[in-house]
Amino acid sequence: PPVTYAEAVARLTALRGGEHAGMRPGLERIEALLDALGRPERRYRMVQVGGTNGKGSVAAMLAAILKAAGRRVGLYTSPHLVSFRERIRVNGEAIAEDGVVDGVEALGTLVVRLDATMFEATTALALDHFAREAVDTAVLEVGLGGRLDATTVGTPAVTVIARVDLDHQAWLGGTLAEIAAEKAAIIRGGVAIAAAQAPEATAVLVRRASEAGVPLLLAGRDLHVAVERRGLDGQWIACAGPGWSLGGLRVGMLGTFQPENALLAVAAAQEFRVPEAAIRAGLDVARWPGRFQVVRYRDGWLVLDGAHNPGAARALAESLAAFFPGEPLTLVIGISRDKDARAMLGALAPAASRVILTAAANPRAADPEALRALLPSGVAAVRTARSVEEALAMGSEGGSTPILCVAGSLFLVGEALRHLAGGDKPCPVEKGADSMVSLF
């Protein structure tokens with residue numbers, strides 16, 4: 001009997017590693033899968049986006065720009081927030097349920113025979129789907145690291161390295177230089193574009209690009225961005241690079257970290273000779289849910305931010321201060337056990353007048369009581385909630401604060417979105433009639 005969509009997704013998530021991408025680095029299994037599928041990745045140009053924080057935002061912005069320029073664009077990202085289908089999109093539209101079923105059936109018993117991970121199988125499925133859908137460009141977000149990540153296949157036209165921060169040290173190495181080396185390994189062809197980094201990370205990127213013989217455009221050195229103004233209606237920026245400059249660009253995504261991400265997307269778009277009008281249109285409509293996503297909620301604002309490592313937590317604290325200066329804030333936070341929770345709480349808790357500790361319905365989630373012990377001293381009202389639904393109800397009690405912020409884990413943010421939007425509907429990556437704001 002034919003497989004249903006639910007069975008197809010269950011078959012993928014049952015594979016080794018499950019939701020966690022990094023259980024088994026190595027490229028031999030993805031290469032074998034792509035061989036069996038007839039090398040779909042050779043049928044379009046690829047952009048690979050790595051880094052620690054910001055890579056999904058860069059990928060979403062670049063895909064929106066290329067689509068605005070009339071290209072047929074595949075976008076592959078992870079993890080998903082609400083629906084598995086969000087991981088694989090063509091021209092902003094999530095893969096249909098039938099597409100997932102067809103992809104799983106095309107992989108057949110091969111994934112089991114190779115002992116492929118969920119991430120490897122999903123990556124192969126995405127690359128095959130893009131070939132079937134005749135995309136001309138595919139934008140691939142690295143899952144974990146880069147050197148041994150399943151997205152590191154073929155020769156990309158452009159590689160982008162967003163900001164490198166400490167995360168996944170157990171897999172990638174304990175120092176920024178070691179992590180940067182894993183991330184920089186995706187530089188292997190075409191042109192490389194990188195965010196401004198700590199000096200030790202920059203040195204690694206520069207060395208890798210020169211060894212690979214790949215030209216490197218570095219933010220702060222070759223590429224520049226300035227914020228003209230910002231508000232809850234968007235951020236206006238000016239970007240410049242070798243031989244080009246654009247002012248008055250409206251970035252629809254909020255967050256003080258997005259102008260730098262937009263610069264990387266614009267620089268990548270320049271390599272594709274995209275017209276200025278498409279750059280303007282793409283940046284304006286691109287959205288990346290769960291990353292400083294601000295929506296109207298009750299009588300105030302709800303901020304959803306996956307901030308799942310110390311660098312991202314600091315960026316969230318900075319964004320909250322920039323967009324809601326002096327506003328009382330209730331922080332709903334849940335963190336995975338393998339993260340540096342003390343540093344994350346240290347960055348976020350002092351900004352809040354109330355803290356609600358909770359946990360995603362995920363085996364890797366830290367116990368809220370364990371988080372309580374890691375809070376910096378002097379945090380006022382602290383409560384715990386068994387679920388994000390309970391935490392949101394608690395956060396809205398008695399008028400509460402004008403700002404409610406859910407953070408600390410993409411799983412937690414995904415559960416909040418599912419609860420608020422109802423059901424398994426893929427989160428949109430472009431501003432439109434189905435944007436989350438209209439749901440509240």
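**Reading the salt bridges and folds of a predicted model**

Me: Which residue forms a salt bridge with E31, and how far apart are the closest N and O atoms?

Reply: The partner of E31 is R39, and the closest N and O atoms are 2.6 Å apart. Start with the general idea: side chains of opposite charge can pair when their charged atoms come close. The cut-off for a salt bridge is 4 Å. One caution: this is a predicted model.

Me: Next pair. What does R147 form with E182?

Reply: R147 and E182 form a salt bridge, with their closest N and O atoms 3.0 Å apart. Now place both residues along the chain.

Me: How accessible are R147 and E182?

Reply: R147 is partly exposed, at 41% relative accessibility. E182 is buried, at 16%.

Me: Which residue pairs with E397 in a salt bridge?

Reply: R383 does, with the closest N and O atoms 3.2 Å apart. E397 is in the loop between helix 15 (388-396) and strand 17 (403-407), and R383 is in strand 16 (residues 381-384), so this pair ties together parts that are 14 residues apart in sequence. E397 is partly exposed, with a relative accessible area of 42%. R383 is partly exposed too, at 35%.

Me: How many salt bridges does a search of the whole structure find?

Reply: The search finds 19.

Me: Turn to strands. How do strand 12 and strand 13 pair?

Reply: Look at the sense of the pairing and count the bridges. Strand 12 (residues 293-297) and strand 13 (residues 300-305) pair in the antiparallel sense, over 5 bridges.

Me: Which residues other than glycine have a positive phi elsewhere?

Reply: D115 is one of them, with phi about 60 degrees. D115 lies in the loop between helix 5 (110-114) and helix 6 (118-132). D115 is partly exposed, at 30% relative accessible area. A134 is another case, with phi near 55 degrees. The loop between helix 6 and strand 5 holds A134. A134 is exposed, at 52%.

Me: Where is the peptide bond from S78 to P79 in the chain, and is it cis or trans?

Reply: Check omega. Here omega is near -10 degrees, and the bond is cis. P79 falls in the loop between strand 2 (73-76) and strand 3 (88-90).

Me: Show me a residue inside. Where is L66, and which residues does L66 contact?

Reply: L66 is in helix 3 (residues 55-68). L66 counts as buried, at 0% relative accessibility. Leave aside neighbours within four places in sequence. Then L66 is in contact with R71, V73, T137, V139, F272 and V274. For a distance, take V158: L66 and V158 are 92 residues apart in sequence, and 13 Å apart in space, C-alpha to C-alpha.

Me: Step back. How many helices and strands does the chain have?

Reply: The chain has 16 helices and 17 strands. Of its 440 residues, 60% count as buried. The C-alpha atoms fill a box of roughly 60 × 60 × 45 Å along the principal axes.

Me: What does the radius of gyration say?

Reply: Compare it with the value for a compact globule. With 440 residues, that would be near 22 Å; the chain has 21 Å, which agrees. Among contacts between residues at least 6 apart in sequence, 72% join residues at least 24 apart.

Me: What about the accessible surface of the chain?

Reply: The accessible surface comes to about 16400 Å², and 52% of it belongs to carbon and sulfur atoms.

Methods
Residues numbered from 1 in each chain as written. Predicted model: local features only at pLDDT ≥ 70, side-chain atom pairs only at ≥ 80, totals over all residues. Heavy atoms only, no water. Salt bridge = Lys/Arg side-chain N within 4 Å of Asp/Glu carboxyl O. Buried < 20%, exposed > 50% of the residue type's maximum accessible area, 1.4 Å probe, protein only. Helix = DSSP H or I, 4+ residues; strand = E, 2+ residues; numbered from the N terminus. Pairing = 2+ DSSP bridges. Rg over C-alpha atoms; globule rule 2.2 N^0.38 Å. Contact = heavy atoms within 4.5 Å. Areas by Shrake-Rupley, 256 points an atom, 1.4 Å probe, with all protein chains shown as cover.
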